[in-house]
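Please read the following report alongside the sequence and the coordinates shown here.

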Amino acid sequence: MSTFAKTLITATLAGALSTTAMAADYTFKFQSSDPSGDKNFQVQKEWTERVERMSGGRIKINLLPVGSVFKHTETLDGIKMGILDGQVTATEFFSGKDPAFGLIGNTVGAWSDTSQLLQYINYGGGYELMNELYAPYGVKFIGGSTTGVESFVSRVPLDGVEDLKGLKLRAPEGLVQRVFAAAGAAPVNLPGSEVFTGLSKGVIDAADYTVFSTNQKAGMNEIAPHPVQPGFHSLPLIDVSMNMKKWNKLPEDLQEIMTTSVRDFANDITTQLRIADQKAVKEAQADPNITIHNWSDEERKKFRAIARTQWEEFAKQSPNAQKVYDSVTSYLEENGLL
């Protein structure tokens, strides 16, 4: 064999070995509950890239947008079947499987700030409870995040619980509607795509919709010029979880990287959305036609007390929902929020 041929074979083998060495030891397929063009998805994508760098390329997560393989309400089944390896999703989407997921996924009225929910998840028992709820599905809860406390758009001034009485408002079916009805409002079923039209035509006077920056960008605050910011009602739990068997196959150092990275992701996404909201609030404040209303701590506690009556009813729907109720209310009481 010629010297040139030997050199060529050596170089080819070296290249092959190098490529093998660079390949990820663990490749996972995760599905998000957000579309690819959404800012939330973009921040989630940045998280997967950080995991790859932090692990020295040993972990690679391929993140798919909502609906790529399963409906957003069915990713838990996809993980259990082994078709998906993990998810980045809103826990409340699984309330059809157990009301407990609806209650912990969006404990309406419980949280006035993202830090309150994250403290409960990381230090107040939420992490352990989520893993207990997911165990029957063969799923590991890696960690929790959220987006931002949703703003509340309104055509009329809202400064407290009393102003909710008789208010025609759009709210999703389930716990959210039940809480607002208990507060004296008149909830209306309306798809998110029809909120703007409903407000502009006076079909509704207010709406539970999304964060302030998104509302401002969509022109919601122009047709409903009395937004409540920060909101007082909705803060969804966003969870990052994966197949338990695949989690258990990860070495301890990679498990630690995954866990730590999710806490970083939670800080990243809530901070980015808070910055976007702050910018949007300044823009709205400069508009003489928009008046921002910020409820006092006392009014927030009043709404929370009303919400608690509905949490209690929701808790009766399953033993797990009762566990969630006991856990969340204990945390709120210990921290002076009830």
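The report below moves from the whole chain to its sheets and then to one helix.

## Basis of the description

This is a predicted model, in which local features need pLDDT of at least 70 and side-chain atom pairs count only at pLDDT 80 or more, while totals for chains, interfaces and linings use all residues. Residues are numbered from 1 along each chain as its sequence is written, and side-chain values use heavy atoms, with hydrogens and water left out.

## Overall organisation

The protein contains 14 helices and nine strands, these being DSSP runs numbered from the N terminus (H or I, at least four residues, for helices; E, at least two, for strands). Its C-alpha atoms fill a box of roughly 90 × 45 × 30 Å along the principal axes.

Of the 338 residues, 50% are buried, where buried means under 20% relative accessible area with a 1.4 Å probe and protein chains only. The accessible surface, from the Shrake-Rupley method with a 1.4 Å probe, comes to about 15200 Å², and 52% of it belongs to carbon and sulfur atoms. Among contacts (heavy atoms within 4.5 Å) with a separation of 6 or more, 75% are between residues 24 or more positions apart.

## The four-stranded open sheet

Four strands form an open sheet in the order S5-S8-S6-S7, with mixed pairing; two strands pair if DSSP finds at least two bridges between them. Strand S5 (152-154) and strand S7 (186-188) stand at the edges with a single partner strand each, so one side of each is left without a neighbour in the sheet. Neighbouring strands of this sheet are turned by 30° against each other on average, direction ignored.

S5 pairs with strand S8 (residues 206-208) in the antiparallel sense over three bridges, and Val 153 has Ala 207 in S8 as its bridge partner. Helix H7 lies across S5, S6, S7 and S8, running at about 155° to S7; axes are lines fitted to C-alpha atoms, for helices over the stretch in contact, and angles run from 0 to 180 degrees between N-to-C directions.

## Strand S9 and its partners

In strand S9 (residues 238-243), six of its six residues are buried. Five bridges join S9 to strand S3 (residues 86-90) in an antiparallel arrangement, with Thr 89 partnered by Asp 239. S9 also pairs with strand S4 (residues 139-145), antiparallel over six bridges, and here Ser 145 stands opposite Ile 238.

## Helix H13

The 19 residues of helix H13 (residues 297-315) should span 27 Å at 1.5 Å a residue, which agrees with the 26 Å between its end C-alpha atoms; the expected span is 1.5 Å times one less than the number of residues. Its buried residues, including Phe 303, Trp 311 and Phe 314, pack against helices H4 (99-105), H5 (114-123), H7 (175-182) and H14 (319-334).
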